[in-house]
There are 2 protein chains.
Amino acid sequence: VSERLEVSYELFCGRGESAERKARGIALEQTVELPAATLPPGIESAMVGRIEALEPAGRNRYRARISYAPETIGGELTQLLNVLFGNISLKRGIRINGIAWPAGLLHRLGGPRHGIEGIRRLTGAWRRALLCTALKPMGLDAAALARRCEAFARGGIDLIKDDHGLANQPAAPFLERLHRCQEAVQRGNAHGGRNALYLPNVTAPLAELPRRLEAARDAGCRAVLISPWLAGPDSLRWARDEFGLALMAHPALTGSMFGERHGLAPELVIGDLFRAAGADASIYPNADGRFGFSRRRCEAINARLRGPLGDLRPAFPVPGGGMDAARAPGWVRRYGADTILLIGGSLYARRDLVRGARELLAAVREQQA
Amino acid sequence: VSERLEVSYELFCGRGESAERKARGIALEQTVELPAATLPPGIESAMVGRIEALEPAGRNRYRARISYAPETIGGELTQLLNVLFGNISLKRGIRINGIAWPAGLLHRLGGPRHGIEGIRRLTGAWRRALLCTALKPMGLDAAALARRCEAFARGGIDLIKDDHGLANQPAAPFLERLHRCQEAVQRGNAHGGRNALYLPNVTAPLAELPRRLEAARDAGCRAVLISPWLAGPDSLRWARDEFGLALMAHPALTGSMFGERHGLAPELVIGDLFRAAGADASIYPNADGRFGFSRRRCEAINARLRGPLGDLRPAFPVPGGGMDAARAPGWVRRYGADTILLIGGSLYARRDLVRGARELLAAVREQQA
């Protein structure tokens, strides 16, 4: 018995557009891409999406549920994305706000290799929210970035990642940055710090991606940063299976998917998809920062990363994007201990990075005590 | 002297939102990701985007031009996408509608290896629009798809591609489909056909992508189909450099980028970016078909694919998506001979695929005579 992938849509119909035709159009477009009349016998029942429900939800608005046979996907993430939103991305007024996943598909995608427990083990931080910061700005040379890395490690930050815009630019080329920062984090850990990890940004063109992952592993890194929408949606799975490093996902470029009337709900991409593809931690723009996500949206992302999802391990939510260090304890109270707080700019506003990090760690520890 | 990447934005400001702050926010967000006050000396002038122009363009609407130093990118496609729309994808009301490309960056990205002339050479069709169709629907086995492939080749279709939803599903697994269809196209060419190419869909997870490209090349294919937004934006460049096959790009999932008030203009993605990354031909949803692109938008895409773009070869536009065979001559008149017409469903509505293809070819030839 094959479990079907069931997708919930919100449909926004234009003047004179029939919701039935729109739903039926999706069911055909995402599978056979032919009018039903031209289909050979047996194909319609086996392959075309099945409309499970369709009901009005307001003025020119409808809710639809369409289920897809696993045979339309075949178990590959690329084709899964295509069934979800490939061709209909080019249409209008279609928003996916729920996915009921077949357990077999989730199992096949595999999910986090380390997950929340694995990252706690790597950092040695067991009972509190974790702290993350970003090395920046671009334009500094590798030695200057490494000094910042050492200071953050001495101050007790758990996860020190490259800014996701640090790629392989001339100011701080990847390999030099990798080695200097990895040495720096070890020095910082040895001099007053704890067990911080440095996460280099391995996001790169396809020919480079394996070289950067290999270099990171060989340098002793235990975790890396990837932007899946830049490096390719499957890059997480591939990095997990080939290199075994812990993976933090960055949402760069995914925001184009999050239209209010067209696209996918953010918690399905940054939550379900990234977790299923192997992210052990997933960054998102926290409420009240530089971006416009609501608290409710952020809590939905937390729930999709940490809650039950087939047999997949839970992943850490990483709220960030303009989060003020002074408000860190409040976010821990709201989101709970299984959270990584990403705090960048507000730490840099301090002259003394070590002290800023220490005070932040003390505040978060106190919150958790 | 370094040439800067200059990006034109349309900004939609919310109530009380200042256009100056919004433009300045973009310039910082896409580069240093820090407030200007926390930047070390020299970084601002070297790295932060420079606002070249900002002017009102209607109620709460503005036009801005911001230029970026090549040092913020470093020559890699992944980081180029990040500078263009990485973090700001997560904001609202920012639409990129123009890009002035530094010649050096284009040269480095490399563009089409074959281009229009190369594809004409491969197909032997020199003075007319080319014809393309898709093998479908999913659910048919490889033998049945191959029969369709042979019929289209006998009828004179130039480029016979997999439907982009044919991945590696159980009904027609990739390798079996590849070999059967490649043999079929050769049989069709030998029996009444011309010089048709079969383009297998190599879109796949990262571990599989090189295997599928290698298998396609070894089977004798000269061209393949890739959906870059599914396989990863850099997959075109990589396939071009590693395998040398001609590349047809499919726009699956890119539509999420094309919001009217947030995103990138389609001609910049399906046109500039795909061409720069190496697409020899780029599919888009034609006007008056199942999708909503206007004729003007389609002509803009044609222009970006065929017109001057640094030292890059021109690429074929491939309008498709519900195009009626009966209207093919009209589209050739409008778009010109350097066009590949993608006609799928309307050919399948004919009982006799060979005759349908022959009549289509005759009509297009007559138009061109």
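## D163(B), its loop and the sheets around it

D163(B) sits in the loop that links β6 (159-162) to α7 (174-190) in chain B; helices (H or I, at least four residues) and strands (E, at least two) are DSSP runs, numbered from the N terminus. The model is predicted, so to speak of local features pLDDT must be at least 70, and side-chain atom pairs count only at pLDDT 80 or more, while totals for chains, interfaces and linings use all residues. Residues are numbered from 1 along each chain as its sequence is written, chains are lettered from A and ligands numbered from 1 in the order in which they are written, and side-chain values use heavy atoms, with hydrogens and water left out.

Let us start with the aspartate itself. D163(B) is buried but has no salt bridge, and the nearest side chain of opposite charge, K136(B), is 4.3 Å away. Buried means under 20% relative accessible area (1.4 Å probe, protein chains only). A salt bridge needs a side-chain nitrogen of Lys or Arg within 4 Å of a carboxyl oxygen of Asp or Glu; for charge, Lys and Arg count as positive and Asp and Glu as negative, with His and the chain ends not counted. Leaving aside residues up to four places away in sequence, D163(B) touches T31(A), V32(A) and E33(A) in chain A, along with A134(B), L135(B), K136(B) and N201(B). Contact here means heavy atoms within 4.5 Å.

Now to the sheet in chain B. Its 4 strands form an open sheet in the order β7-β6-β5-β13, with parallel pairing; two strands pair if DSSP finds at least two bridges between them. β7 (197-199) and β13 (340-342) of chain B are the edge strands, each with a single partner, so one side of each has no neighbour in the sheet. On average, neighbouring strands of this sheet are turned by 25° against each other, direction ignored. Axes are lines fitted to C-alpha atoms, for helices over the stretch in contact, and angles run from 0 to 180 degrees between N-to-C directions. Helix α5 (residues 115-123) of chain B lies across β5, β6 and β7 of that chain, at about 75° to β5(B).

Here are some strand pairs from both chains.

| Strand pair | Sense | Bridges | Partners |
|---|---|---|---|
| β5(B) and β13(B) | parallel | 3 bridges | L130(B) and I340(B) |
| β5(A) and β13(A) | parallel | 3 bridges | C132(A) and L342(A) |

In chain A, β5 (residues 130-135) is mostly covered, with 6 of its 6 residues buried.

Terms used
Buried means under 20% relative accessible area, exposed over 50%, partly exposed in between (1.4 Å probe, protein chains only).
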